[in-house]
Amino acid sequence: MHSMKTILITGGAGFIGSHVVRLFVNKYPAYTIVNLDKLTYAGNLENLKDIEQLPNYIFEKADIVDAEAMRELFKKYHFDGVIHLAAESHVDRSILNPLEFIMTNVVGTVNLLNAAKEAWAENTDGKLFYHVSTDEVYGSLGETGFFTETTAYDPRSPYSASKASSDHFVRAYENTYGLPVVISNCSNNYGSYQFPEKLIPLFINNIKNNKPLPVYGKGDYTRDWLFVEDHAAAIDVIYHEGKHGETYNIGGFNEWQNIDLIHLLCKIMDRKLSRVEGTSAQLITYVKDRPGHDKRYAIDATKLNTELGWKPSLQFEEGLEKTVDWYLENEEWLQHVTSGEYLNYYKKQYDTV
Ligand code: NAD
Ligand code: DAU
């Protein structure tokens, strides 16, 4: 039986955050989970419909860039822990508007660190600030090798530079003020409730609507894909059993070149939509590359596996199939999130609607 705790989860209306909120609310009925989210274009309370009525769940709409609001929130709830996911998360948007990423990802994180430091000034027993970060802080790999927890930081996009900066502030608050912290750096996630600006849901939606599939460059970039529910499970293990002050890399040892992944996705979609095999792949369109595009990411998750016993629960093909099913079954969700602001972004990014 877990003792009573009040945990702040930031960005809980987003893709990964909603899976973390769902897991904690369902698994720990004795905890009170406060979901703080600004509800940007990427935040959607529809993601949490199945748990929003539960007695141990509370939603607070707020902006982490608002320092005073963060202080007030910590006074109101006396949090035992924070799991910080709120961020601007899309690399292409960071190239269009870096400042927004500095505000939310850097200033917002420091505001939360300050609020936690002040609220926990008397006693840090049982307290924890868990910062959720990305493998992109490590930069870009060549053909071989993996990112480990000791790989030097080398962020190369405005997004990864802002996340790297926030990681540094979290470590600085531990070193300087003794704040209990833990950080995890995860590889590319996929699964339900991901906003269709990211590769997999964007391409599922475009295939369904017979729209071009915009492959950046030659499609020969490599990413390491992890099912989002496995990321949420890793966060649970690290929150409860991780050693304070440590970093844990999270990844599925599951590398795919973009173009191979896209062909697999097209094949699954042809089958699900009863199309002749090869139909969806005809939508593949090579477009201008992402500026400064990182060649390859690959996570070595050995530490998390050997020290805390976590490992991914399913194979990529199975996870991708489940993901496709979810998007095809949740037409209404897709329609809601691809109206309004989405259309403006799409036009700006791809010069087409
Ligand atoms: P997302 O864009 O889907 O969700 C981000 C959430 O943060 C949204 O609900 C949004 O409304 C909220 N938010 C944004 N700005 C805010 C602000 N100023 N104040 C309060 N709330 C705000 O992102 P995601 O893909 O779920 O990523 C969540 C976290 O995990 C991020 O920190 C990201 O860097 C990290 N991460 C993501 C991946 C991935 O593959 N998606 C991989 C590794 C790490
Ligand atoms: O590695 C973890 C990171 O993964 C997270 O920190 C980020 O929040 C998350 O967005 C993701 O970043 P990527 O840039 O790797 O993900 P994205 O889905 O945008 O792109 C995946 C790959 O597909 C990348 O090589 C770029 C390519 N791509 C993407 C889009 C949107 C295309 O070829 N065409 C596209 O239209």
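This is a predicted model: local features need pLDDT of at least 70, side-chain atom pairs count only at pLDDT 80 or more; totals for chains, interfaces and linings use all residues.
The shell around ligand 2 divides into twelve nonpolar, seven polar and seven charged residues. In that count Ala, Val, Leu, Ile, Met, Phe, Trp, Tyr, Cys and Pro are nonpolar, Asp, Glu, Lys and Arg are charged, and the others, Gly among them, are polar. Residues are numbered from 1 along each chain as its sequence is written, chains are lettered from A and ligands numbered from 1 in the order in which they are written, and side-chain values use heavy atoms, with hydrogens and water left out.

Which residues come nearest to ligand 2? Of the 26 around it, they are Thr 134, Asp 135, Tyr 159, Arg 290 and Tyr 350; a residue is near a molecule or strand if one of its heavy atoms lies within 4 Å of it. Turning to polar contacts, a polar contact is a pair of N or O atoms within 3.5 Å; within protein, one must be able to donate a hydrogen and the other to accept it, and residues adjacent in sequence count only if both atoms are side-chain atoms. Thr 134 places a polar side-chain atom 2.7 Å from an oxygen atom of ligand 2. For Glu 136 the corresponding distance to an oxygen atom of ligand 2 is 2.8 Å, and for a polar side-chain atom of His 293 it is 2.7 Å. Taken alone, ligand 2 exposes 690 Å², of which the protein buries 95%; these accessible areas come from the Shrake-Rupley method with a 1.4 Å probe, and for residues only the protein chains shown count as cover.

I now move to ligand 1. It is surrounded by 30 residues, the closest being Ile 16, Asp 37, Ser 89, Tyr 159 and Lys 163. A polar side-chain atom of Ser 89 lies 2.7 Å from an oxygen atom of ligand 1. From the backbone, an N or O atom of Gly 14 is 3.0 Å from an oxygen atom of ligand 1, and a polar atom of Ile 64 is 3.0 Å from a nitrogen atom of ligand 1. Alone, ligand 1 exposes 840 Å², and the protein buries 97% of that. Strand 5 gives the largest share of this shell, three residues. Helices (H or I, at least four residues) and strands (E, at least two) are DSSP runs, numbered from the N terminus.

Strand 5 and strand 6 (residues 181-186) are parallel over six bridges, and Tyr 130 stands opposite Val 182 in strand 6.

Finally, an open sheet of three strands has the order 7-9-11 and mixed pairing. Strand 7 (188-190) and strand 11 (255-257) each have a single partner strand, so one side of each is left without a neighbour in the sheet.

Technical notes:
Two strands pair if DSSP finds at least two bridges between them.
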